[in-house]
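Biologist: Could you put the model up so that we can go through it together?
Modeller: Of course, here it is.

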Amino acid sequence: MSQFLARRLLAIVFMLFGMSVLVFGAMRLLPGDIVNLMVGMQSSASAEQREAIEGQYGLDRPLVFQYTDWMGGVIRGDLGKSMRSQEPISHEIRRKLPVTLELTFLSLIFAVVVAVPLGIISAIRRNSPVDLFARILGVLGLAIPNFWLAIMLLLIASRYFHWLPSPVFTPFFDDPIENLQQMWMPAIALGMVMMANLMRMTRSIMLDVMGQDYIRVARAKGLSEWGVVVKHAIKNAGIPVITLIGMNAGYLLGGTVIIEQIFGLPGIGWMITNAIFQRDYTTVQSAVLITGLLFALVNLCVDVAYALLDPRIRFA
Amino acid sequence: MSNPVISRRTLLGGSAAAGAGLLSSLSYTPYWAAAQDRSSAVFSYHADPASLDPTTCSGTNCAYILNHIYEGLTRLDSDANVEPGLAESWENPDPLTWTFHLRPGVLFQNGAELTADDVKYSLDRVLDPATAGSNLAFFQAIESVEVVDPLTVTLHLSTPNVSILASMAVTGGSILNKAWAEEQLAGGAIDFTSVANGTGPYGLVEFVSGDRIDLVRHESYWDTGTPKIDDVTWKIMQEMETRVAALRARTASFATIDATAGLQVGSDNGITIHSGPGFSMPVSIHNVRKAPYDNPLVRQAIAVGVDRQAVIDKVLNGEGSLTGPLPTGFGNWYIPTDELPYTVDKDRAKELLAEAGYPDGFDTVILGLDTPPYDQVGVVYQAELQSIGINAKLEQTEFGAWLEKIHAFDYDTHVNGYGSVVDPEHVLGRSFRCGSDGNFPGFCNEEYDELLLQMQAESDLAAREQLTRQMQDILLEDAPFIWWCTAFDYYATTDQITGFERAIHPYPREVFKQVSVVEES
């Protein structure tokens, strides 16, 4: 186990290194740079002005040094300063990452809490009205793009109910009620696709399991239907469902970009998008690195959980 | 140019009412009603300012918010006329000398009193190339700033330039407090995201980038009686749908919107749309340095062959007006619509092309922008060129990539937009003077430059208007640009506030000072 963890952590370090080079390179390859954007469109940059700005941001140094300067800082725990605002990037991330994590987490909760029971019920009561409803919801959930759903939620709430939460984001620990009022719509919009996926998966696995011989045996030995479902079916259906949840957590993290933008939530997805448009190299590099680290850690947790749940899987 | 907003068609449908039950069960106190005896309001705006440094960040997105915190020596009324700001009066004893008399007793938000030293410090900061001030071009005529006494400051210019008065009103000319700035600089760079200290009507409480800027009334603001709202939250909402929803739910009482949103909220009784010609002008700029655009006949063929009304009708839903080189409605500087020499004549265009040696037209590439409304302007432009036999290919890119090509003058003809002129010289000088940094077409005309020199030095208003007209006539004749139209701009306010007046320019220092919260009965 500890050997497995050590190996995986080492792999994460290599992955992050590769990612940092990629992001660093991709940002420099983008046409247009921060100098153009600083000068703006009122005039072209004079050579003197260009040099001054490049000097200020160290952009006149060879690329390798620019990379090592940044990386050296990151290793010492200093993510650098935003080129545009001069604000330390760690401040910004510390403020924005929790918003994105909360959004991801709430979407996950929404998806699991709705999908798993609905999937189980619709498998057990196959072809019942509940099953029909679940199947329609499943198809709709997959077909509706999350940004459309987000805009519809906003439109319905504001136009027909004349209600919206306060536009000023309130952290959960400052005022949980206010925070949840702000987060439920984004969480549903973001979690809908995953909910649909998970529900369909749960339903089909449950159908599969319910047709197995050991279920017939369980019924034959006189267990109640409830006992059959809880003791035998769900236990066996659980593992693929948990795998799917783990895989989707990463997907949710990526989907926050557009949802944050629509609901005006100050999360890290929006922060990275804006920084790309402004060619704020350091901010993009550091924020992507942190997001990547997070993604890798979530995947690691899922792998560990997976192995703990299924005794057949060994840490190899 | 203001930052564009991604707009998606709003589809009305009856589905997705999933949260309906939950909605009605929540009781909610609106943010703006929460404060007891202080008045407060939420204004929603479409873009995040990149920084809160008034010297380096002076695009529209920054200007709109920074003009509430900082002020310059002069300011503009809502029709863009120059009026006294931090300077009470000024005189211009000779064309190269401008003396400003500061308003006595003006206090910064930290309590320090405004002096001539602060003015010198701020203007020197703008002029220092290392500052990378984005309005630098407006101030380049200043050779030195001299402190005469604590309330008098004299600018010595290298060339006569009357537009220096209007330049003092742009965000780049904001006055910082010298002692404060030096104190901040002691710890390295000034972190403008967390601190601000201007003389303006509002002080900074907190800036959370991507979310909001909290402002509080400057209690000892020199213009007594204003501002009227104690606490203002400047909320960034990039999506227009979000801003419209916030207006409807009354969680925001002001929003920047566009034409389609205007149609959407038109049915809501408590929302007022403020619209009219603004300073935003979609234009196409030819690269006069290159063939075939170096041939005036080709430019004239395009000028007579394109239908400018097509952009107004197809892109702006009819809400724009034909325009010359200066935005329609700009003081007395612009050419009235009925005097514009625009008659569409496709046959004449083809004749001119043949005369220029291109009887079968030619191939060209339009460098376009991928953001509304410029993306659609590009499409109309392409169609209009094709209608006179010019085979145009449209290449649309993202703003940063587009800007790199613009700065390198690497284009045949491109789509661009004006947005922040406050004096006619800012456009006519920068964009067309031979060799200027901002001369994107590469236009060069001796007679024009001669008139420009006279115009820069002319302090008599009527004579200056006359010169401005002559210069515009030369431009229309030579046609390095297609000035498509002056677009309308749109703001919406709800019944929670009163007193908003739309300004035609993007430096609305006065606008929010007069706005007050409507008392709830």
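What follows is a conversation about this predicted model.

Biologist: Let's start with helix H1 of chain A; how many residues does it have, and how far does it reach?
Modeller: Helix H1 of chain A covers residues 2–29, which is 28 residues, and it reaches 40 Å from its first C-alpha to its last, close to the 40 Å expected at 1.5 Å a residue.

Biologist: And does H1(A) lie largely in the open or is it largely buried?
Modeller: Largely in the open, because the number of buried residues among its 28 is 2.

Biologist: Switching to the contact, how many residues does it take from chain A and from chain B?
Modeller: Chain A contributes 59 residues and chain B contributes 58 residues. Among the elements that give two or more residues to the chain A side are helix H2 (34–39), helix H5 (89–124) and helix H10 (225–263), while H7(A) gives the most, with 10 residues.

Biologist: What is that side of chain A made of, by class?
Modeller: The side of chain A that touches chain B has 31 nonpolar, 19 polar and 9 charged residues.

Biologist: Now the largest nonpolar core: how many residues, and which element gives the most?
Modeller: The largest nonpolar core has 231 residues, and H8(A) gives the most to this core, with 17 residues. Domain 1 (2–75) and domain 2 (89–309) of chain A both give residues to this core, so the core lies between them.

Biologist: Which residues have the most contacts inside it?
Modeller: Those residues include A:Ala115, A:Leu153, A:Met195 and A:Ala287. Leaving aside neighbours within four places in sequence, A:Ala287 is in contact with A:Ile89, A:Ile93, A:Ile268, A:Met271, A:Ile272 and A:Ala275.

Technical notes: Residues are numbered from 1 along each chain as its sequence is written. Chains are lettered from A and ligands numbered from 1 in the order in which they are written. This is a predicted model: local features need pLDDT of at least 70, side-chain atom pairs count only at pLDDT 80 or more; totals for chains, interfaces and linings use all residues. Helices (H or I, at least four residues) and strands (E, at least two) are DSSP runs, numbered from the N terminus. The expected span of a helix is 1.5 Å times one less than its number of residues. A residue is buried if 20 or more other C-beta atoms lie within 10 Å of its own, exposed if 12 or fewer, and partly exposed in between; C-beta atoms are placed from the backbone. Two residues are in contact if their C-beta atoms, placed from the backbone, lie within 7 Å. Ala, Val, Leu, Ile, Met, Phe, Trp, Tyr, Cys and Pro count as nonpolar, Asp, Glu, Lys and Arg as charged, and the others, Gly among them, as polar. A nonpolar core is a set of buried Ala, Val, Leu, Ile, Met, Phe, Trp, Tyr and Cys residues joined through C-beta atoms within 7 Å. Domain bounds come from an automatic or database domain assignment.
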